[in-house]
Every structure is written in C-alpha cells, then in structure tokens.
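Hi there,

I'm passing a structure over to you, as promised. Please have a look at it first, and then read on for my notes.

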Amino acid sequence: MDKRANIVMDNLIHIVIFAMFFGIMFWGIGSYSDGSALIEDIYAKEIVRLINAAEPGMSFKLDVSKLAVVANKNGKKFEETIYVDNVNNELRVSSRLGSGTIYKFFNDVDIVNFRVESVSGNSIATRFLFEVVERQRAGV
Amino acid sequence: MNKKGVLGTGVLYTVYFLMMAVIAIGLYGGLVGYFGTGYDYRKAESRALLDSVRDCIKEQNFDLASLTPEDFYNKCIIAKKVIEDGEHLIYVKDKSGAEFTLGVTDFRNRCFLNVREKNKDYPICSSYGKDVSGEDYILVGSSQNSRRALA
C-alpha cells in the first residue's frame with residue numbers, strides 16, 4: 001500500500017513540475033512569438049527616455065498605434081496598455097492579457113493625467129498623453 | 001525500511017531536470033536567434049543619467065565632502081528608490097579628491113569588463129572628465145533591464 005502511494009506521489013510530483021515548467025515556458029514564448037514582448041520593450045524604454053529627460057510642466061502626446069494594434073490582436077483594450085506607477089517610478093506597458101513589461105524611470109517626477117486614447121475610435125491612430133509635474137511629496 | 005530503487009529514482013530525477021534544462025536552453029536559443037536579444041537601453045540610460053547628474057552638480061555647486069545622499073536626491077530630482085535598486089551607480093570625484101558614491105560601488109569595476117556588451121546583467125557606464133587627480137570626474141552606470149510581469 002505504501003509502495004503504491006509512493007509511486008503515485010512520485011508521478012504526481014513529476015507531472016506538476018512538468019506542467020509548471022511548460023506553463024511558464026509557453027507564457028514566455030507566447031509573448032515573443034507575436035512580437036508583443038519586443039513592442040512592449042521598445043515602447044516602455046522610449047517612453048521612459050522621454051520621462052527621464054522631461055521637466056515639470058511639460059506635457060506629451062505620443063503615437064502608440066503599433067502597440068495598440070498588437071494589443072487589439074491579443075484582445076487587450078488599448079486604454080489599458082500603458083500605466084504609470086508614480087509610487088515606484090515604474091512604467092508598465094502591456095499588449096497581452098495577463099502580462100506586461102515594466103521599466104523604471106530615475107527622474108523623480110510624477111506623471112499625471114496619463115491616458116491612451118484613439119483619435120478615430122479604432123487602434124490605428126492611438127496616442128498616449130501624459131503630463132509631468134513635480135513629485136507630490138506630501139505624506140511620503 | 002524499504003530502500004529498493006531509491007538510487008534509481010534519484011538518478012531519474014537528474015535526467016528529468018537535465019531534459020528540462022536542455023529543452024529550455026534550446027527554446028531560449030531559438031528565440032534569441034530569431035528575435036534577437038531585445039532592445040538594449042543601458043547605454044542610453046547611463047547617458048541620460050550622466051547628463052542629469054552633471055547639470056545638477058554644475059548648477060548646485062555641491063561640496064562633495066559634506067554632501068548627503070538625501071540632499072543630492074532632493075536637489076537633483078533623482079529617484080532614490082531607482083538609484084538604490086542595485087542596478088545603478090553614481091560616482092562623483094572633485095578636484096580635491098573628495099568622493100561621493102550612490103548605488104552599486106562595484107560597478108566602478110564591472111563597467112570596464114569586456115563581457116558588459118554581451119551580458120545584459122553587467123552595467124554600461126558613461127563618464128565625464130578623467131579619473132586623475134586634479135580633475136572633476138563623474139561615472140554613471142546602469143544595468144537596468146525591463147522585466148516581464150503579470151499585469
């Protein structure tokens with residue numbers, strides 16, 4: 001009886017490890033295979049480049065149509081593709097459901113009123129708008 | 001205690017993990033071969049950080065001997081949590097030899113290793129001036145890479 005239980009347990013462990021391994025692997029490969037990982041990476045770093053060089057009072061409008069098109073193909077709403085976490089100085093770009101790319105900016109400013117909007121209502125002409133203001137230090 | 005087959009099971013586990021490693025390396029190699037290693041932003045980031053630090057030091061005219069990290073972060077509008085995340089270095093030395101360092105001190109060595117170009121875990125650095133006595137010198141480095149996360 002113990003022997004049988006051990007064999008079942010061994011097999012179960014194997015199957016669980018195997019499933020986890022391939023799950024993580026397909027999650028990673030999936031984002032690369034349609035180019036979304038690369039697109040996210042490029043947009044994240046280029047937007048961070050702008051933020052790092054920006055000064056309080058500036059506002060930006062960026063064309064993010066390529067990102068929106070990829071997001072649209074993956075079933076992700078374009079409004080949810082870019083998010084700025086001012087607390088951790090992080091920018092998150094996501095063109096797939098359930099995953100995204102994060103990059104940090106060293107410029108100690110806050111990004112406010114950020115939004116992704118479409119000019120014509122579809123993803124072909126999509127813009128990312130944001131404003132740069134001084135860090136709101138109250139309570140930090 | 002029945003220990004029959006324990007050794008065999010152990011050996012099988014080794015083979016099992018070896019197989020997974022071979023599959024992972026093969027897939028990773030295929031992806032890198034087809035899509036490339038991604039967009040390397042370390043150099044651009046270190047240049048941008050160097051510009052910020054250099055402009056700030058000129059503007060504020062700091063006395064490095066008495067400068068505190070908090071003063072530097074507040075006056076230069078640079079995020080402490082990013083510089084001290086283990087992926088950045090700011091090193092400043094003035095004409096009198098006074099030094100000021102923030103971030104990973106060891107980047108002063110790792111910045112000059114040949115492996116830095118290919119291995120993205122190593123920092124790429126930008127500098128201003130020369131590291132000799134009697135001259136101002138700034139060395140700034142970044143090894144930051146984007147990271148994938150659940151969103």
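Below are my notes on pockets, salt bridges, backbone angles and a surface patch.

First, the ground rules. This is a predicted model, in which local features need pLDDT of at least 70 and side-chain atom pairs count only at pLDDT 80 or more, while totals for chains, interfaces and linings use all residues. Residues are numbered from 1 along each chain as its sequence is written, chains are lettered from A and ligands numbered from 1 in the order in which they are written, and side-chain values use heavy atoms, with hydrogens and water left out.

**Pockets**

The largest pocket holds about 770 Å³ of space. A pocket here is an open set of points on a 1 Å grid over the protein atoms alone, where a 1.4 Å probe fits and protein lies on both sides within 12 Å along at least five of seven lines; lining residues have an atom within 4 Å of a point. Volume is the space filled by probe spheres set on the points, with grid points joined across faces, edges and corners.

There are 30 lining residues in the largest pocket, and Tyr32(A), Tyr28(B), Val32(B), Thr37(B) and Lys120(B) are the closest to its centre. Two or more residues come from each of H1 and helix H2 (36-53) of chain A, and from each of helix H1 (6-35) and strand E5 (147-149) of chain B. Helices (H or I, at least four residues) and strands (E, at least two) are DSSP runs, numbered from the N terminus. H1(B) gives the most to this lining, with six residues. By class, the lining has twelve nonpolar, eight polar and ten charged residues; nonpolar covers Ala, Val, Leu, Ile, Met, Phe, Trp, Tyr, Cys and Pro, charged covers Asp, Glu, Lys and Arg, and the others, Gly among them, are polar.

The second largest pocket has about 360 Å³ of space. Its lining is made of 16 residues, with Glu55(A), Asn107(A), Ser52(B), Cys76(B) and Ile77(B) nearest the centre. H2 of chain A gives two or more residues to this lining, as do helix H2 (42-60) and helix H3 (69-76) of chain B. The most come from H2(B), with four residues. This lining divides into nine nonpolar, three polar and four charged residues.

**Positive phi angles**

Ile77(B) has another feature to look at: its phi is near 55°, a positive value in a residue other than glycine. Ile77(B) sits in the loop between H3 and helix H4 (80-83) of chain B, and is partly exposed at 35% relative accessibility. Buried means under 20% relative accessible area, exposed over 50%, and partly exposed in between (1.4 Å probe, protein chains only).

Asn89(A) also has a positive phi, near 55°. Asn89(A) is in the loop between strand E2 (82-85) and strand E3 (90-96) of chain A. Asn89(A) is buried, with a relative accessible area of 0%.

**Salt bridges**

Over all chains, the structure holds 16 salt bridges, each being a side-chain nitrogen of Lys or Arg within 4 Å of a carboxyl oxygen of Asp or Glu. One of them joins Glu40(A) to Arg148(B), with the closest N and O atoms 2.5 Å apart. This pair crosses between chains, from helix H2 of chain A to strand E5 of chain B. Glu40(A) is buried at 0% relative accessible area, whereas Arg148(B) is partly exposed at 27%.

Within helix H2 of chain A, Arg49(A) and Glu46(A) lie three residues apart, about one turn of the helix, and their closest N and O atoms are 3.1 Å apart in a salt bridge. Arg49(A) is partly exposed at 36%, and Glu46(A) is partly exposed at 29%.

In chain B, the side chains of Arg42(B) and Asp40(B) meet in a salt bridge (2.8 Å, N to O). Arg42(B) is buried at 0%, while Asp40(B) is partly exposed at 35%. Salt bridges that share partners also join Lys104(A), Asp85(B) and Glu87(B) into one network.

**A surface patch**

Val8(A), Met9(A), Leu12(A) and Ile13(A) make a nonpolar surface patch of about 350 Å². Patches are made of residues with over 30% relative accessible area and no salt bridge, with like charges joined within 9 Å and nonpolar side chains (Val, Leu, Ile, Met, Phe, Trp, Tyr) within 5 Å. Accessible areas come from the Shrake-Rupley method with a 1.4 Å probe, and for residues only the protein chains shown count as cover. Leu12(A) belongs to helix H1 (residues 2-33) of chain A and is partly exposed, with a relative accessible area of 45%.
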